[in-house]
Amino acid sequence: DSHAPEVQKTTWIVANTQASGSECLSVCGWDLFSSPSCAGDAQSSKTWPSARLFDAGGTVAASVRLDCSPPWHVCDRLSENGTARAWLGIEFDSTQAVKCMKVRSDASSVTKELQPFSCASGAAPANATE
C-alpha cells in the first residue's frame with residue numbers, strides 16, 4: 001500500500017520556514033480537510049468543534065474564524081536550530097485526520113513556505129506563561 005498512515009491529532013500547527021523570507025506570519029484564513037484534495041466543507045474544520053486558536057506568543061482566541069480584517073499576525077518565535085519561526089495553532093475538541101490544508105494571507109504579507117505539524121492534546125501551551 002502506497003498510502004501514508006493516517007494521522008489523527010487534536011492539535012494542528014502551521015509555521016513559517018527559514019525559506020519563507022519572514023520572521024512573521026500573517027494568516028487570513030486556515031481551513032483543514034479530511035479529504036486529500038481539500039474538498040468538501042462537511043468534512044473540514046468549518047464543521048469540526050474547536051477549542052481554541054493560539055500562537056507562539058500565547059495569544060488564545062475562542063473563535064477560530066479567520067479573515068483579513070484584520071489578519072492573525074504573529075512575530076513571536078519558536079527557535080529551531082537557531083532559526084526564528086512564527087506559528088499558529090488550532091486545537092479541536094476531538095482528534096481529526098487532516099489530509100489537506102488551505103492557508104490564506106493578505107497580499108502585503110505573503111509567506112513563501114509553510115510547514116504543518118500535529119501534536120496530541122495538552123502538548124501545546126495553554127497560555128503565554130507555559
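How many salt bridges does a search of the whole structure find? The search finds two, and they are shown below among several close-up views of this predicted model.

**View 1. The chain as a whole is built from strands, with zero helices and nine strands in total.** Read from the N terminus on, the elements run β-β-β-β-β-β-β-β-β. The chain has 130 residues, and buried residues make up 40% of them. Among the contacts with a separation of 6 or more, 75% are accounted for by residues 24 or more positions apart. The chain exposes about 7,200 Å², and carbon and sulfur atoms supply 50% of this area.

**View 2. A salt bridge joins the side chains of Asp31 and Arg104, with a distance of 3.1 Å from N to O.** The pair links distant parts of the chain, since Asp31 belongs to strand E3 and Arg104 to strand E8, and the two residues are 73 residues apart.

**View 3. Cys38 and Cys100 form a disulfide in which the sulfur atoms are 1.6 Å apart.** A search of the whole structure finds one disulfide. Cys38 lies in the loop between strand E3 (29-33) and strand E4 (50-55), while Cys100 lies in strand E8 (residues 100-104), so the pair ties together parts of the chain that are 62 residues apart in sequence. The torsion about the S-S bond is about -85°, and the disulfide is therefore left-handed. Both cysteines fall in the buried class, Cys38 with a relative accessible area of 11% and Cys100 at 16% relative accessibility. At the backbone of Cys38, phi is near 55°, which is a positive value in a residue other than glycine.

**View 4. The largest nonpolar core holds 16 residues, and those that touch the most other members are Trp30, Leu32, Leu53, Leu88 and Ile90.** Several strands contribute to this core, with E1, strand E2 (25-27), E3, strand E6 (72-74) and strand E7 (87-97) each supplying at least two residues. Of these, E7 gives the most to the core, with three residues. As background for this view, nonpolar side chains tend to be buried together in soluble globular proteins.

**View 5. A second, separate core consists of five residues, including Ile13, Phe54, Trp87 and Cys119.** For Cys119, the computed relative accessibility is 16%, and the residue counts as buried.

View 6. A polar contact of 3.4 Å joins the side chain of Thr10 to that of Thr11. Thr10 is buried, with a relative accessible area of 10%.

Definitions and conventions: Residues numbered from 1 in each chain as written. Predicted model: local features only at pLDDT ≥ 70, side-chain atom pairs only at ≥ 80, totals over all residues. Heavy atoms only, no water. Disulfide = S-S within 2.5 Å. Helix = DSSP H or I, 4+ residues; strand = E, 2+ residues; numbered from the N terminus. Buried < 20%, exposed > 50% of the residue type's maximum accessible area, 1.4 Å probe, protein only. Polar contact = N/O pair within 3.5 Å; in protein donor to acceptor, adjacent residues only side chain to side chain. Contact = heavy atoms within 4.5 Å. Areas by Shrake-Rupley, 256 points an atom, 1.4 Å probe, with all protein chains shown as cover. Core = buried A, V, L, I, M, F, W, Y, C linked by side-chain atoms within 4.5 Å. Salt bridge = Lys/Arg side-chain N within 4 Å of Asp/Glu carboxyl O.
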